[in-house]
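Q: Could you take me through one part of this protein slowly, as I am new to reading structures? I would like a close look at an aromatic residue and its surroundings.

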Amino acid sequence: MVMSGEKPRSGAVADEDAPRGPNVPNAPMSLRERKKQLTYQAVSDAAIAMFMERGFDKVSVAEVAAAADISKPTLFRYFPSKEDLALHRFADHEDESARVVAARADGESPLDALRRHFLEGLERRDPVTGLCDVPEVLAFHRLLYGTPSLVARLYAYQGRSEAALARALGDGVPDRLAAGQIIAVLRILALDNWRRISAGQSADEVYADAVEAAELGFVQLRSGLGPGTR
């Protein structure tokens, strides 16, 4: 699967045996930590395969633990909830917009950096843009958007993305307003792309329209946001 996941909730695991989620800042990992990371990924892969085969609500946490050959308490040390087994793949993207803003070139505005990044994502068919017709990614998106509890959890992820972007912009009231608008536009663009591909169009067929829609979205953002952001 291309997408990465949702990081474990703060405080979910408190001791030194806690696995590191994929969104932990880069640092040298010991052999022990690497083994934990491999277990983290293997458990999620097993869970998502079962969810896509049988449906999220028809698979129990006990079944996932058995398939991964670990106990339920151990599974919950890695994933605080059943939803986290699927949505942890979004963790690397949770602060993506904030990272793009923080790493932008001198003289490049936050909005220009985000526009460039999204257009580059469309070109490489990044699943986060919704413009990806890889069968495995499509199946995962159908699981996600077809499961109410996962959709509800996804909104929490988007709220954290918005908060991270607001901090990168300065965290004042205008920054929080701008972050809310930007994350909403990115969400709508990606969802529209996914819906068209889910209906049977290929990523190549949708690409030109996706670029046009993205340009329109950023034009509207530029006209509505303050000069410090655009």
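A: Let's start with a term: a residue is buried at under 20% relative accessible area, exposed at over 50%, and partly exposed in between, using a 1.4 Å probe and protein chains only. Please keep in mind that this is a predicted model, in which local features need pLDDT of at least 70, side-chain atom pairs count only at pLDDT 80 or more, and totals for chains, interfaces and linings use all residues. Residues are numbered from 1 along each chain as its sequence is written, and side-chain values use heavy atoms, with hydrogens and water left out.

Now to our residue, Tyr 40. Its relative accessibility is 1%, so Tyr 40 counts as buried. Tyr 78 has 10% relative accessibility and therefore counts as buried.

How do these two rings meet? Rings of Phe, Tyr and Trp (its six-membered ring) pair if their centres lie within 6.5 Å; planes under 30 degrees apart count as stacked, over 60 as edge-to-face and the rest as tilted. By this rule there are 4 aromatic pairs. In the pair of Tyr 40 and Tyr 78, the ring centres are 6.4 Å apart and the planes stand at 40 degrees, so the pair is tilted. Tyr 40 lies in helix α1 and Tyr 78 in helix α3 (residues 72-78), so the pair ties together parts that are 38 residues apart in sequence. Helices here are DSSP runs (H or I, at least four residues), as are strands (E, at least two), and they are numbered from the N terminus. Ring pairs also bring in Phe 79, giving a cluster of Tyr 40, Tyr 78 and Phe 79.

Let's move to Thr 39, which also lies in helix α1. With 28% relative accessibility, Thr 39 counts as partly exposed. Between Thr 39 and Tyr 78 there are 8.9 Å in space, C-alpha to C-alpha, although they are 39 residues apart in sequence.

Helix α1 (31-54) has another partner, helix α8 (residues 135-145). Buried residues of α8 include Val 137, Leu 138 and Phe 140. The buried residues of α8 pack against α1, and also against α4 (82-87), α9 (148-169) and α10 (173-198); contact here means heavy atoms within 4.5 Å.

Lys 82 lies over the face of Phe 56, at 4.5 Å from the ring centre. For this, NZ of Lys or CZ of Arg must be within 6 Å of the ring centre and within 35 degrees of the ring normal.
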